[in-house]
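Please keep the viewer open while you read, and turn the model as each residue comes up.

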Amino acid sequence: MKINTTQWVLLGVAAMLAAGCATSMHPDEARTKAAAMMKASFKDRGQAKVTRIDQDDMQKNCSIYSGGNVMPKDLAARLEKAQQALIKYPADGKLLGDWKAGERVAQAGVGMQFSDNPKNPAGGNCYACHQMTKAELSYGTIGPSLYNFAKLRGYGPDIQRYAYGKVYNSQAFSACSSMPRFGHAGILTEQQMKDVVALLMSPDSPVNK
Ligand code: HEC
């Protein structure tokens, strides 16, 4: 899956606009109009702000290159590089927290909705898309299985750094990834990301058992 819900809605609105007009509209114009319609029809509710539908460069391009319209490789590489530059690695240089706390982050699916208390920590909901441990019976398959992640990929500093960067900003390594940009979007705190990376990387974690 490459397109998120907002992008689908935008595409749908753009298609309706295009179909409803006597004269054909330039795609850029249709997109601008669709965005304005979306903004006009939603309002802020608690922590769920309408500004969430503002698209950055990556998201704009992912909307343009969707469906059968494949993003050119050089553009994907340029966008990924720009996202990589936005990753903030922990100032103390430590990428691994407590895997037990990471397990709770991986299992928690709350946060970011208008009905959630913004003072409570959000979850990562990793199991919605990934298998991570053998014990978990219920998991999604939108993303690849992460079971035995470090056992298969190695426990070294390069993989640790990749895992942290991937959790921080998934699109830095895969343009238009449907995985949330947990650090970039302010969903998880630095400590929560360290904990989740420990879950992926620790030899004692059930991920690597
Ligand atoms: C909405 C679905 C979704 C959620 C939620 C999600 N991911 Fe992902 N993840 C994906 C997809 C799809 C991929 C594969 C495509 C890509 O590389 O982005 C992926 C890839 C990854 C990879 C790279 C795997 C590899 O072999 O290189 C890691 C690591 C990862 N996810 C960790 C996590 C963690 C940890 C969480 C929770 C904090 C999480 N993901 C939550 C969808 C998701």
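## Around the ligand

H7 gives the largest share of the shell around the ligand, three residues. Helices here are DSSP runs of H or I with at least four residues, strands are runs of E with at least two, and both are numbered from the N terminus. You are looking at a predicted model, in which local features need pLDDT of at least 70 and side-chain atom pairs count only at pLDDT 80 or more, while totals for chains, interfaces and linings use all residues. Residues are numbered from 1 along each chain as its sequence is written, and side-chain values use heavy atoms, with hydrogens and water left out.

At least two residues of the shell come from each of H6, H7 and H8. Among the 22 residues around the ligand, those that come nearest are Cys 126, Cys 129, His 130, Tyr 162 and Met 179; a residue counts as near if one of its heavy atoms lies within 4 Å of the molecule.

## The iron site

Which residues coordinate the iron atom of the ligand? They are His 130, through NE2, and Met 179, through SD, at 2.0 to 2.2 Å. His 130 sits in the loop between helix H5 (99–107) and helix H6 (149–153), and Met 179 in the loop between helix H7 (157–168) and helix H8 (190–201), so the pair ties together parts that are 49 residues apart in sequence. Donors are N, O and S atoms within 2.8 Å of the metal (3.2 Å for Na, K and Ca), and water is not among the atoms, so sites may look incomplete.

The arrangement is octahedral because the six donor atoms around the iron atom subtend angles of 84 to 178°. That label for six donors requires opposite donors over 155 degrees apart and all others between 65 and 115. Ideal angles for six octahedral donors are 90 or 180 degrees.

Buried means under 20% relative accessible area, exposed over 50%, and partly exposed in between (1.4 Å probe, protein chains only).

Ser 177 belongs to the loop between H7 and H8 and is buried, with a relative accessible area of 15%. Leaving aside residues up to four places away in sequence, Ser 177 touches Lys 166, Ser 170 and Gln 171, where contact means heavy atoms within 4.5 Å.

Lys 166 is also one of the buried residues of H7, which include Ile 159, Ala 163 and Tyr 164. H6 and H8 are among what covers these buried residues.

## The wider protein

The protein has eight helices and zero strands. Of its 209 residues, 40% count as buried.

Met 112, not a glycine, has a positive phi of about 75° and is partly exposed at 26% relative accessibility. Asn 125 has a positive phi near 55°, and its relative accessible area of 36% makes it partly exposed.

Conventions
Tetrahedral: all angles 85-135°; square planar, octahedral: opposite > 155°, others 65-115°.
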